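Work through the exercises below on aromatic rings and the charges over them. Each task is followed by a solution in steps.

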Amino acid sequence: AEPNLRDTSPASSAQQRFYAQHMRRPPGVNYNVPVALEIGRELDEDKIEHAFRALIERHEILRTSFEIQGGRIVQRICPAADFQLERIESSPDQVASQVSRFLRPFDPSAAPLIRAGVIGAGPQQRVLVIDMPHVVSDGISLVILIRELFALYQGRSLATPRIAYKDYAVLQQRLRERGAFAEDAAFWRTRFAEGCPTLSLPIDFPRPNTKAFLGDNKYVRISKADTEALSRLAQAHSVTMNVLLFAAYALLIHAYSAEKQMVIGTLVQQRNRPELAQIPGPFVNFLPIPVTLDREHTFAEFLAAVKHELLQAYEHAELPFEEIVKESHAVTEPGRNPMFDTMLVFHHYQDLGPNGGVDSGPFTVRQLDIARQTSTLDVKMDVFYRDESHETVCVLEYDTALFTPETMDEFASRFT
């Protein structure tokens with residue numbers, strides 16, 4: 001029988017966003033969510049493949065495909081989805097390039113929207129690579145799925161999930177239909193009533209009219225001593241590390257652009273109900289944060305103002321970013337992102353090793369850096385912070401059509 005709308009569920013606002021971006025652009029890996037884990041001893045590949053199949057059977061979101069019906073983006077849950085673990089042989093010095101080559105575009109109409117492979121680099125070294133598109137996943141989802149994957153690998157039983165991601169999508173649609181986001185819409189409409197300033201960072205090459213989404217990234221680390229000093233500074237001003245580093249990033253952007261008013265993006269998780277905490281799926285929303293610099297303000301006053309803006313934004317974070325853009329009446333110039341061209345995203349680092357809440361059984365697990373040749377914005381800074389050890393890793397992603405590596409080396413060093 002022909003598929004009909006009754007076989008489908010509405011897509012969430014995040015899924016609609018990522019699906020629409022996929023359809024508007026040539027196939028790429030800009031919105032893939034990958035992870036590479038170095039396994040310190042022999043891995044039973046048949047057993048891990050079986051664990052992946054159990055994971056896909058357990059979570060509907062991994063058996064989900066997407067299509068357009070009646071002018072709407074909808075998701076379809078497949079009763080079963082074929083999965084094959086990819087097996088790749090490599091030399092130790094080629095592992096990084098093999099990981100990069102493993103990342104490929106996904107077809108959102110074909111489930112399962114997950115790939116995994118084992119790269120063999122010697123008798124005692126295996127690298128497990130997992131990749132999913134953002135339309136079914138986010139960073140926290142990766143941690144959830146890896147935790148469950150190792151549990152299944154070890155033969156442990158898992159409690160049946162109380163709800164599935166599609167339940168969240170249905171709830172979100174019902175709330176929208178009831179006008180539950182009207183207060184949030186009014187907030188953003190008022191906040192940007194005077195317009196949305198366009199950031200003018202000095203660039204090394206002329207800005208193309210069409211964004212190619214090609215980029216590069218740099219991994220830089222803030223030392224433990226400097227991280228501890230930053231933590232003490234944050235405590236002294238009664239702010240979180242997120243607020244402090246966002247403010248520091250805003251000052252860096254100001255140093256390059258000399259602009260007193262700017263908008264910097266951030267990302268929030270919308271797992272604001274206990275039952276959503278362990279459900280994989282895209283629970284992210286983008287928020288535009290207005291920042292104003294006044295020469296008469298002290299650093300403490302500037303920090304307090306940034307804290308106020310972030311807290312206000314978080315209180316009205318349920319409105320999807322696309323609707324925030326509509327409420328702000330922001331004009332998007334060719335080759336730019338709506339409302340902001342740079343972001344700082346703060347992550348409480350969730351270690352995938354034995355001390356980070358993931359029981360890896362007999363394995364020693366180490367997360368590897370992944371080289372990405374993509375960029376969704378002019379400049380984006382992801383900050384991964386671990387409370388216990390005071391370690392901070394920063395990943396700078398930038399558009400290679402606008403900036404040289406040398407410019408971004410200096411930018412990264414000035415932040416760290």
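**Exercise 1.** Find which ring the charged end of R115 sits over in this predicted model.

Solution. Take CZ of Arg and require that it be within 6 Å of the ring centre and within 35 degrees of the ring normal. For R115, the ring is that of F106, and the charged end sits 3.9 Å from its centre.

**Exercise 2.** Apply the charge-over-ring rule to R17, then describe the surroundings of F18.

Solution. The charged end of R17 sits over the ring of F18, at 5.8 Å from the ring centre. F18 has 3% relative accessibility; buried means under 20%, so F18 counts as buried.

**Exercise 3.** State how many aromatic pairs there are, and classify the pair of F18 and Y31.

Solution. The count is 14 aromatic pairs. In the pair of F18 and Y31, the centres are 5.5 Å apart and the planes make an angle of 50°. Planes under 30 degrees apart count as stacked and over 60 as edge-to-face, so the pair of F18 and Y31 is tilted. F18 belongs to helix α1 (residues 13-24) and Y31 to the loop between α1 and β2 (32-39), so this pair ties together parts 13 residues apart in sequence.

**Exercise 4.** Classify the pair of F346 and Y385, and locate both residues.

Solution. The ring centres of F346 and Y385 are 5.9 Å apart with the planes at 35°, so this pair is tilted. F346 lies in strand β11 (residues 342-348) and Y385 in strand β13 (residues 379-386), so the pair ties together parts 39 residues apart in sequence. Both F346 and Y385 are buried.

**Exercise 5.** Name the residues that ring pairs link into a cluster with Y249.

Solution. Ring pairs join Y249 with Y256, F411 and F415 in a cluster.

Terms used
Residues numbered from 1 in each chain as written. Predicted model: local features only at pLDDT ≥ 70, side-chain atom pairs only at ≥ 80, totals over all residues. Heavy atoms only, no water. Phe/Tyr/Trp six-rings, centres within 6.5 Å; stacked < 30°, edge-to-face > 60°. Helix = DSSP H or I, 4+ residues; strand = E, 2+ residues; numbered from the N terminus. Buried < 20%, exposed > 50% of the residue type's maximum accessible area, 1.4 Å probe, protein only.
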